[in-house]
Amino acid sequence: MPEFLQFLASGLTVGAIYALVALGFTLIYNASDVINFAQGEFVMLGGMVTVFATAAGVPLPLAALIAIVATVLVGLALHRFAIAPARGASAVTLIIITIGASILLRGLAAVIFDKRFHSLPPIAGNKPLLVGGAAILPQSIIVLAATAVIVVLLWALMTRTLIGKALLATAANRLAARLVGIDTGRMVGLSFVVSAAIGAIGGILVTPITLTSYDVGTLLALKGFAAAMLGGMGSPLGAVLGGLIVGLLEAFGAGYVSSAYKDAIAFLVILDVLFVMPHGLFGRAGVERV
Amino acid sequence: MGTLHVAAAAALTTLVFAGATTAANAEVKIGAVLSATGPASFLGDPEKKTLEMYVADINAKGGINGQQIKLFVYDDGGDPNQARTFGTRLIEEDKVDALLAGSTTATTMAIIPLAEEAKTPLINFAGAVQAVYPVKPWNFKTPHTDLMACEKIFEDLKKRNLTKIAMISGTDAFGKSMHDQCKTVTTKYGIDVLHEETYGPRDSDMTPQLTNIKGKAGVQAVVNPGFGQGPAIVTRNYRQLGITVPLYESHGVGSKQYIDLAGAAAEGVRLPAAALLVAEKLPDNDPQKKVVVDYKKTYEAKTGQPVSTFGGHMYDGLMILVDAMKRAGSADKAKVRNEIEKTRGFMGTGGVVNMSPTDHLGLDLSAFRMLEIKNGDWTLVQ
């Protein structure tokens, strides 16, 4: 039983990170049909900017704020200078643009920061909490709690505010949204802002556990993308559940089956699900935008 | 009149000699392919800095045999395909006289066949034993092998009477190779491997694997072959789970960065490493003390970064090559190769190097020191 709890804690922590990345994918995909492969770089920027700001003597909370603002600015710039000018291009072209942006951001980070791994001090100390024989880091609980808060806030934003409704309308039907007076271009920009902020917050929170470096974004983008696909591209709830499931699959795969095949196990399950449910667990089936 | 003649003759002779030396003065070309960026940048970056630093120094002091060194450095980003491409370019386009190349085992294995084919001396900086055994005529290596690291760890385990161990290994080339090498000498040291786990080099959480190790009865110590940030996370997770048996890391984590990343969790961890890590702590009568302290001071003064063993391997490689070229009296590939093979009693940062036709590494176990991390710093285990 302690083993089970330990695997569960490990899976949920790692899964929460994937979930945050998957959420970022989902938001931008909904608003613009673009799969933003630079999402992992937002996570990297959140962590790296905080690390270097604190190293420069800025107190941690302020450093975290600077990191979020900086990442949001990068997200805005990505939309303004790379995505918006290519408006009207096919989805594949836009995806290739985001891959290019991801490589550019990684390269810039390597030059501006450095190529080493960095860590941040955990918010609530390093002393693990013992729950039923499993040792859980306080930071893991913070990551999980923050993910939950972000999901609730996002839900409130989407359903309780006019901006959120405009965003949803843009996602549902861009032409119709524009006809009722929604500035869809601005909404797409907003989706980049929110995604960048979520990515940055995720990066700041997980750095004390997973460490960060200029190139952590690549793998996170891949895992987050798999999570988003599993949950159903476009469904925020699906993204979160998808992320948690991928994390849990890896942890239980490593714990109970074999650590050598843990990634293979996770991806096998994802493939199986997608064979049976091509739109993922919570995807909208058969919606074809014309 | 007579003096004028003599002067003219002298001037002429000088001119002729000057001409002759310029002709011979075509630079010595040394090519390097290093992983200065990417996941192995902590290897390639100090190697590159060391190389550039010392080549500039040698050139300022007049070069080798009066010839200046021309350096070609390429960054393979840790990718063996890139390493092969750059290796080919160095040999075919830049026409280098010797190669100092290969930061990782994977990139090195891509470059060795090129050097063999082009009959160009190569000194590589890979960790794994297959980067030098079986011996190939043109290939040499300066870093300790993973087999030696393992033997050093097992020697220490045996001394402490801890013979039942578990292993958690990285699945990258380094971790895999060291794991396999360790398995070849378990019987020699009477070590029982009770349980084995692995992790991916970019994994961010190893608690599931360590939970299984914790649950295995009878484990007296855990050995973690791996490099990069993986071992740092293993170490953190190890303390998180409250595992109390001793943890042994490999020489792959021999840089201050590991202690920084693992933090308090690194306390009490043991690892085999080159003397460089504890340069100032070596007793004054240690024959290696001077070379390691000198290198450390130079490196840290020039780069402002803490020294790592990896840059030291480059220092050794470059000095062995330069010495060989000096003894050969030229940069002739075959002569230089023969001279590298004749290197005896060379005191490098990695230990005493005694090469032979059957040993292109030339180090023995005494080159490794067993270290323990105490109060966030390395200490020598007596």
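Predicted model: local features only at pLDDT ≥ 70, side-chain atom pairs only at ≥ 80, totals over all residues.
On the helix 2 side of chain A, the contact is made by Gly40(A), Glu41(A), Met44(A) and Met48(A). Helix 4 of chain A answers with Ser102(A), Leu105(A), Arg106(A) and Ala109(A).

Step back along chain A to the loop between helix 1 (2–32) and helix 2, and you'll find Asp33(A). Its phi is near 65°, a positive value in a residue other than glycine. Most residues other than glycine have a negative phi, and most peptide bonds are trans. Is Asp33(A) buried, exposed or partly exposed? Asp33(A) has 17 C-beta neighbours inside 10 Å, so it counts as partly exposed.

Now over to the other chain. The interface puts 25 residues of chain A in contact with 27 residues of chain B. On the side of chain A that touches chain B, helix 1, helix 8 (184–210) and helix 10 (236–257) of chain A each supply at least two residues. Helix 1 of chain A gives the largest share of that side, six residues.

Chain B has an open sheet of five strands in the order 2-1-3-4-5, with parallel pairing. Which strands stand at the edges? Strand 2 (69–75) and strand 5 of chain B do, each with a single partner strand, so one side of each is left without a neighbour in the sheet. From one strand to the next, the twist averages 20°. Inside the sheet, strand 3 (residues 98–100) and strand 4 of chain B run parallel and are joined by two bridges. Leu99(B) stands opposite Leu122(B) in strand 4 of chain B.

Helices pack on this sheet too. Helix 3 (residues 80–92) of chain B touches strand 1 (28–34), strand 2 and strand 3 of chain B, and its direction makes about 175° with that of strand 1 of chain B. Helix 4 of chain B lies across strand 1, strand 3, strand 4 and strand 5 of chain B, running at about 170° to strand 4 of chain B.

Two loops of chain B deserve a look. Lys119(B) sits in the loop between helix 4 (105–118) and strand 4 of chain B, and has a positive phi of about 50° although it is not a glycine. With 12 other C-beta atoms within 10 Å, Lys119(B) is exposed. In the loop between strand 4 (122–124) and strand 5 (139–141) of chain B lies Pro134(B), joined to Tyr133(B) by a cis peptide bond with omega about -5°.

Further along chain B comes strand 8 (residues 221–224). In a regular strand the side chains alternate between the two faces of the sheet. Here, Ala221(B) and Val223(B) point one way, Val222(B) and Asn224(B) the other way, and all are buried. Strand 8 of chain B runs parallel to strand 6 (residues 164–170) of chain B, joined by three bridges, and Ile165(B) stands opposite Ala221(B). Strand 8 of chain B also pairs in the parallel sense with strand 9 (residues 247–249) of chain B over three bridges, where the bridge partner of Asn224(B) is Glu249(B). Between strand 8 and strand 9 of chain B, the chain passes through helix 9 (residues 230–240) of chain B, and this β-α-β crossover is right-handed.

Technical notes: Residues numbered from 1 in each chain as written. Chains lettered and ligands numbered in written order. Buried ≥ 20, exposed ≤ 12 C-beta atoms within 10 Å, placed from the backbone. Helix = DSSP H or I, 4+ residues; strand = E, 2+ residues; numbered from the N terminus. Pairing = 2+ DSSP bridges. Right-handed = clockwise from strand over helix to strand, strands pointing away. Contact = placed C-beta atoms within 7 Å. Axes fitted to C-alpha atoms, helices over the stretch in contact; angles between N-to-C directions.
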